[in-house]
Amino acid sequence: METIFVEMASYRDIECCATIADLLAKAVHPERIFIGLCLQYRWPQDRYHFKRPLYHPQVRCRAFDAGKSLGVGWARSEAQRLWQGEDYILSID
């Protein structure tokens, strides 16, 4: 069974959880999809935007204070660290 790793760099994106939920809901084989998320947020301003499905068993997350972000290249690198050998990689941000 081939798997897909979706690498996501998210900077205070209030649609992040909806994107993940939509991805898993529309997949023909959602059990084959794994998500590596670099979540950059501001606390407490963003606390209501980042709930489910961040706690889904197929979502791996590294969370950082947005004020300490080092840019999109860094965020992609952090998301990539969550790869666990899936067959294919899709990078989005």
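Which residues make up the largest nonpolar core here? They are V6, M8, C16, I20, L24, A27, I33, I35, L37, L39 and V59, 11 residues in total. A nonpolar core here is a set of buried Ala, Val, Leu, Ile, Met, Phe, Trp, Tyr and Cys residues joined through side-chain atoms within 4.5 Å. Keep in mind that this is a predicted model: local features need pLDDT of at least 70, side-chain atom pairs count only at pLDDT 80 or more, and totals for chains, interfaces and linings use all residues. Residues are numbered from 1 along each chain as its sequence is written, and side-chain values use heavy atoms, with hydrogens and water left out.

**The sheet**

- Four strands line up as β3-β2-β1-β4 in an open, parallel sheet; strands (E, at least two residues) and helices (H or I, at least four) are DSSP runs, numbered from the N terminus.
- β3 (59–65) and β4 (88–92) sit at the edges with a single partner strand each, so one side of each has no neighbour in the sheet.
- Neighbouring strands are turned by 15 degrees against each other on average, direction ignored; axes are lines fitted to C-alpha atoms, for helices over the stretch in contact, and angles run from 0 to 180 degrees between N-to-C directions.

**Who pairs with whom**

- Two strands count as paired if DSSP finds at least two bridges between them.
- β1 (residues 4–11) and β4 run parallel and share five bridges, and F5 has I89 of β4 as its bridge partner.
- Eight bridges link β1 to β2, again in parallel, with A9 partnered by C38 in β2.
- To get from β1 to β2 the chain passes through α1, and this β-α-β crossover is right-handed; that is, with the strands pointing away from the viewer, the path from the first strand over the helix to the second runs clockwise.
- Seven bridges hold the parallel pair β2 and β3, where I35 stands opposite V59 of β3.

**Helix α1**

**Helix α2**

- W74, A75, E78 and A79 are buried in α2 (residues 72–80).
- Those residues cover an arc of only 140 degrees around the axis, which puts them on the same side of α2.
- The buried residues of α2 pack against β1, β2 and β3.

**Inside the fold**

- In soluble globular proteins, nonpolar side chains tend to be buried together.
- V6, leaving aside its neighbours within four places in sequence, touches L23, I33, F34, I35, G36, L90 and I92.
- There is a second, separate core of five residues, among them A9, W74, A75 and A79.

Conventions: Buried means under 20% relative accessible area, exposed over 50%, partly exposed in between (1.4 Å probe, protein chains only). The arc is that of the directions from the helix axis to the C-beta atoms. Contact means heavy atoms within 4.5 Å.
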